[in-house]
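Welcome, and please open your viewer. We will go from stop to stop, with something to select at each one.

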Amino acid sequence: MEPRVGLLEERIRAPLDRLGLESYSFKVGWYNAVLPPAFHLPYSENTLAFVVVSVPAMFDKAFKPFLKKHMLKKIHDPIDQCISHHLLLVRESLADYQVDIMYDYEMLPNRKPKFLAQTAAHISGAAYYYQRKDVEQDPWGEKKIFGVCIHPRYGGWFAIRALLVFPDVEVPFLLQNAPIDCVRTEKERIELLEKFNFHWQDWSYRDIIEAKEKYSEEQKTYFATPPAERLKLLNLSRGLQRNGVAVFPAKEECIA
Ligand code: B12
């Protein structure tokens, strides 16, 4: 790793780690190489970027303290507000750099996601992206099958939250880490894709490997509650956000 990138990486990793957020560096060129032009990130191929993922500890280390200190804005999902708050602080701490931030839920005017979170997780080495084409004897016929990332330590108990892009930092010599292939057999891959596509509400795809840590019951209850009712849940269970903040609209499919 180039020394300058190592230092920069540390300035990002250290504050995020404490919050249950992991960051993985990559070159934009690695991401663009596996995608058609319609999904390319509009930066040169040696541009430095990081993908940020939340792990189970985020709920206690970042989200609950955030709720105690900050008044929620009614129109945004509280977890998204928390992640955005902390990434903006990281950006402030890096005032010597330009940093572009993109969130997993942001769409372009053509309604395509600003970035494909699972592809970014795979090419940065954060989590292996299992897709239909990773199965040889495909049993699904005409059905549409969505792919899923599995983290080597947290299985499916994590979410891909954001990209940080450094448009002015070129890293031609950055070394690529391959993601850990932790769902190795054909049988397990079929089981994983079946569970993710047809039974995702029962959480079972997340346990396809043994996870070092999972979402707590409290965190599961929070994510299992329809987005429009989550604020009520927070009010009732914590006595927080007293000053008249009402419901916030859901983003589509909001379990992370
Ligand atoms: C739109 C969306 C949905 C839509 C459509 C799903 C889809 N995959 O298209 C709907 C509403 C159905 C949905 C549902 C769910 N979603 Co969703 N969704 C998204 C979102 C916002 C965009 C996905 C997208 O549009 N992809 C476009 C398609 C075309 O991409 P693709 O299939 O990956 O195809 C590309 C790759 O194959 C790539 N490619 C080609 N060759 C190669 C080779 C390699 C090596 C690689 C790496 C890539 C690659 O090229 C293709 C494009 O041309 C992402 C967040 C994000 N910003 O990415 C979350 C996301 C995929 N969803 C997620 C989840 C968890 C879910 C749900 C479980 C609900 C939930 N949120 O709890 C369900 C499960 C699916 C189901 N059973 O219905 C997670 C997945 C986490 C993980 N571990 O993988 C994500 C990443 C959100 C997050 N913040 O973590 N989702």
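Helices (H or I, at least four residues) and strands (E, at least two) are DSSP runs, numbered from the N terminus. Keep in mind that this is a predicted model, where local features need pLDDT of at least 70, side-chain atom pairs count only at pLDDT 80 or more, and totals for chains, interfaces and linings use all residues. Residues are numbered from 1 along each chain as its sequence is written.

**The whole chain**

Begin with the protein chain coloured by element: there are eight helices and six strands. From the N terminus on, they run α-β-α-β-α-α-β-α-β-β-β-α-α-α.

Next, think about burial. A residue is buried if 20 or more other C-beta atoms lie within 10 Å of its own, exposed if 12 or fewer, and partly exposed in between, with C-beta atoms placed from the backbone. Of the 256 residues of the protein chain, 32% count as buried.

Contacts are also worth a thought here: two residues are in contact if their C-beta atoms, placed from the backbone, lie within 7 Å. Among contacts in the protein chain with a separation of 6 or more, 72% join residues 24 or more positions apart.

**The sheet**

Now select E1, E2, E6 and E3. In which order do the strands of this open sheet stand? The order is E1-E2-E6-E3, four strands with antiparallel pairing. E1 and E3 are at the edges with a single partner strand each, so one side of each has no neighbour in the sheet. From one strand to the next, the twist averages 20 degrees. For such angles, axes are lines fitted to C-alpha atoms, for helices over the stretch in contact, and angles run from 0 to 180 degrees between N-to-C directions.

Walk across the sheet pair by pair; two strands pair if DSSP finds at least two bridges between them.

- E1 and E2 are antiparallel over seven bridges; select Leu 21 to find Ser 54 of E2 opposite.
- E2 and E6 are antiparallel over eight bridges; here Val 52 faces Ala 162 in E6.
- E3 (residues 100-103) and E6 are antiparallel over four bridges; Asp 100 has Val 165 in E6 as its bridge partner.

**The enclosed helix**

Why is H5 largely enclosed by the rest of the structure? Eight of the eight residues of H5 (residues 117-124) are buried, so the rest of the structure largely encloses this helix. Click along the helix to visit some of these buried residues, among them Gln 118, His 122 and Ser 124. The elements covering the buried residues of H5 include helix H2 (28-33), strand E4 (128-130) and strand E5 (148-150).

**The core**

A nonpolar core is a set of buried Ala, Val, Leu, Ile, Met, Phe, Trp, Tyr and Cys residues joined through C-beta atoms within 7 Å. The largest one has 59 residues, and those with the most contacts inside it are Val 51, Val 52, Val 53, Ala 120, Ala 121 and Leu 164. Zoom in on Val 53: leaving aside residues up to four places away in sequence, Val 53 touches Glu 22, Ala 121, Ala 126, Phe 158, Ala 159, Ile 160 and Arg 161.

**A pair of helices**

Select H3 (residues 58-69) and H4 (residues 78-93), whose axes come within 10 Å and cross at roughly 95 degrees. H3 and H4 are therefore roughly perpendicular to each other, a word used for angles of 65 to 115 degrees, while those under 35 count as roughly parallel, over 145 as roughly antiparallel and the rest as oblique. Ala 62, Phe 63, Phe 66 and Leu 67 in H3 meet Pro 78, Ile 79, Cys 82, His 85 and His 86 in H4.

**Two loops**

Most residues other than glycine have a negative phi. Arg 111, in the loop between E3 and H5, has a positive phi of about 70 degrees although it is not a glycine. Asn 110 is in the loop between E3 and H5 and counts as exposed, with 6 C-beta neighbours inside 10 Å.

Last, find Trp 203 in the loop between helix H6 (186-198) and helix H7 (217-224). Trp 203 is not a glycine, yet has a positive phi of about 70 degrees, and counts as partly exposed with 17 C-beta neighbours inside 10 Å.
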